[in-house]
Amino acid sequence: MNGLTGAYVPRASPLHRLPAGAKLAGLAVACTVLVLLTSLLALGVATLVVVALYALSRVGAAAAWAQVRPVRWFAVALFAFQLLFAGPETAAATVLRVVLAVALAGLVTLTTRMSAMLAALERCLSPVRFVGLDPFRLSLLLSLTVRSVPVIAALAVRVREAQRARGVERSLRAFAVPLVVGSLRHADALGEALSARGLDD
Amino acid sequence: MNDVGKQRRFPTGDLARVAVFAALIAVLGMPGSLNVFGNAVPITLQTLGVMLAGVILGTWRAALAVVVLLVLVAAGLPLLSGGRGGLGAFVGPSAGFLIGWIPGAAVTGWLVERAGRDPGIVRLVVACLVGGVGVIYLFGIPVQAVVTGVPLGTTALLSLAFLPGDLIKAVLASVIARGTQRAYPDAIPAVHQERLRAGGGR
């Protein structure tokens with residue numbers, strides 16, 4: 001539960017220096033372009049561009065692979081499926097498109113500090129002030145969530161132990177109901193504590 | 001209390017509930033809390049968490065809880081099942097399903113809120129099926145079709161492989177929510193709203 005860190009790889013590259021908002025916008029544009037590219041040649045060029053960007057960022061091959069790894073089996077399945085129904089060219093093109101999009105998104109994640117990314121995303125979310133969430137509350141909400149993850153994870157471990165003691169290890173109900181009730185109790189106590197510190201005014 | 005609208009609509013207690021449920025969805029995706037039937041069946045319980053958020057928090061708070069979780073994921077925290085995180089999840093083939101969690105949780109919550117102070121088990125199951133399965137598929141399947149270039153009909157057919165598991169999760173979520181609401185009546189959206197109003201928003 002202490003692995004709550006981002007995948008950021010600190011290096012001194014032009015990509016690292018770009019502001020997070022610019023990288024997010026660039027990613028959105030790049031993904032749109034990728035969906036529109038159909039010819040294998042254009043996708044080949046796109047692959048070279050992505051590889052060049054990774055080289056420029058100097059994050060290393062291991063970090064790059066870690067970003068693409070989650071879609072590896074999907075890529076294989078998709079390739080096989082398209083090969084059967086649409087021929088080798090379409091198969092290669094669709095798989096390249098998916099892998100390149102994931103690789104680009106991964107590159108943004110690898111080269112952007114989590115705090116910078118959070119700040120950029122918070123700005124994107126600023127319209128929520130119309131439902132009563134000003135920027136301060138939004139930040140509070142995000143940090144409360146980060147703090148709550150280990151708390152709820154610890155609660156899950158406790159509930160699991162209690163379940164073992166009761167001899168109902170295999171019942172999902174005996175796990176989830178106490179977990180959810182416990183989470184709610186924790187949430188409502190937390191809410192009262194925040195209220196008591198004047199967060200309502 | 002003299003602040004009109006703002007504080008009424010978003011009391012601090014709700015802020016805490018939203019944060020804790022976002023965390024709960026994350027925890028349900030972690031290994032260790034997930035090996036419910038032994039290690040043999042690696043099912044992800046995160047959609048179960050999304051449905052539970054809908055049933056217990058109600059429309060807006062549930063949607064916000066999912067948004068908060070997704071923002072933290074986008075920022076790079078490994079909060080998705082299997083420790084995934086980062087922007088890759090939002091451009092990959094299952095991006096639509098992730099985005100669909102937001103309206104999915106909201107619709108589930110909306111349907112439960114309509115049921116008033118004592119939503120029956122049937123109502124809960126229907127809400128979870130419509131919001132937690134139907135709406136999520138409605139967003140997920142077209143996006144997957146676009147990303148993979150597989151025709152929409154075929155993608156929908158392929159997604160049927162996940163349907164049995166999701167149906168089971170919807171029923172489980174309802175049973176769990178029913179149990180929770182029995183033990184903690186304040187877990188029913190309508191009851192919670194009433195208490196907030198009675199307490200003058202405090």
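The exercises below work through a predicted model with chains A and B.

Residues are numbered from 1 along each chain as its sequence is written, while chains are lettered from A and ligands numbered from 1 in the order in which they are written. Because the model is predicted, local features need pLDDT of at least 70 and side-chain atom pairs count only at pLDDT 80 or more, whereas totals for chains, interfaces and linings use all residues.

**Exercise 1. Confidence**

Task: Find what mean pLDDT chain A has, and where in chain B pLDDT stays under 50.

Solution. Begin with the term itself: pLDDT is the predictor's confidence in each residue, from 0 to 100. The mean for chain A is 88, with 97% of its residues at 70 or more, and chain B averages 84, with 88% of the residues scoring at least 70. Next, look along chain B, where pLDDT stays under 50 over residues 1-8, a stretch with 7 contacts beyond four places in sequence, and also over residues 32-42, which have 10 such contacts. Here two residues are in contact if their C-beta atoms, placed from the backbone, lie within 7 Å. Finally, the model as a whole scores ipTM 0.86 and pTM 0.87.

**Exercise 2. Annotated spans**

Task: State which residues of chain A UniProt annotates as "transmembrane region", and describe the fold of the span 71-88 of chain A.

Solution. The unreviewed UniProt entry gives this annotation to residues 24-56, 71-88, 95-116 and 136-157 of chain A; such positions are given in the numbering used here, feature names are shortened, and annotations may be inferred rather than shown by experiment. Helices (H or I, at least four residues) and strands (E, at least two) are DSSP runs, numbered from the N terminus. By this reading, residues 71-88 of chain A are 89% helix and 0% strand, with end C-alpha atoms 20 Å apart, and residues 24-56 of chain A are 91% helix and 0% strand, with their ends 18 Å apart. For chain B, the unreviewed UniProt entry lists several spans, including 124-145 and 157-177. The former is 100% helix, its end C-alpha atoms 30 Å apart, and the latter is 86% helix, with its end C-alpha atoms also 30 Å apart.

**Exercise 3. The contact of the chains**

Task: Determine how many residues each chain gives to the contact, and which element of chain B gives the most.

Solution. Chain B supplies 55 residues and chain A supplies 63 residues. On the side of chain B, the elements giving two or more residues include α2 (12-28), α7 (121-148) and α9 (163-183). The most comes from α2(B), with 13 residues. By class, this side has 37 nonpolar, 13 polar and 5 charged residues, where Ala, Val, Leu, Ile, Met, Phe, Trp, Tyr, Cys and Pro count as nonpolar, Asp, Glu, Lys and Arg as charged, and the others, Gly among them, as polar.

**Exercise 4. Two packed helices**

Task: Describe how α3(B) and α6(B) pack.

Solution. Helix α3 (residues 46-57) and helix α6 (residues 95-114) of chain B pack at about 35 degrees, with axes 7 Å apart. The axes are lines fitted to C-alpha atoms, for helices over the stretch in contact, and angles run from 0 to 180 degrees between N-to-C directions. Among the residues that meet are Val50(B) and Met51(B) from α3(B), and Trp101(B) and Gly104(B) from α6(B). This contact has 9 nonpolar, 4 polar and no charged residues.
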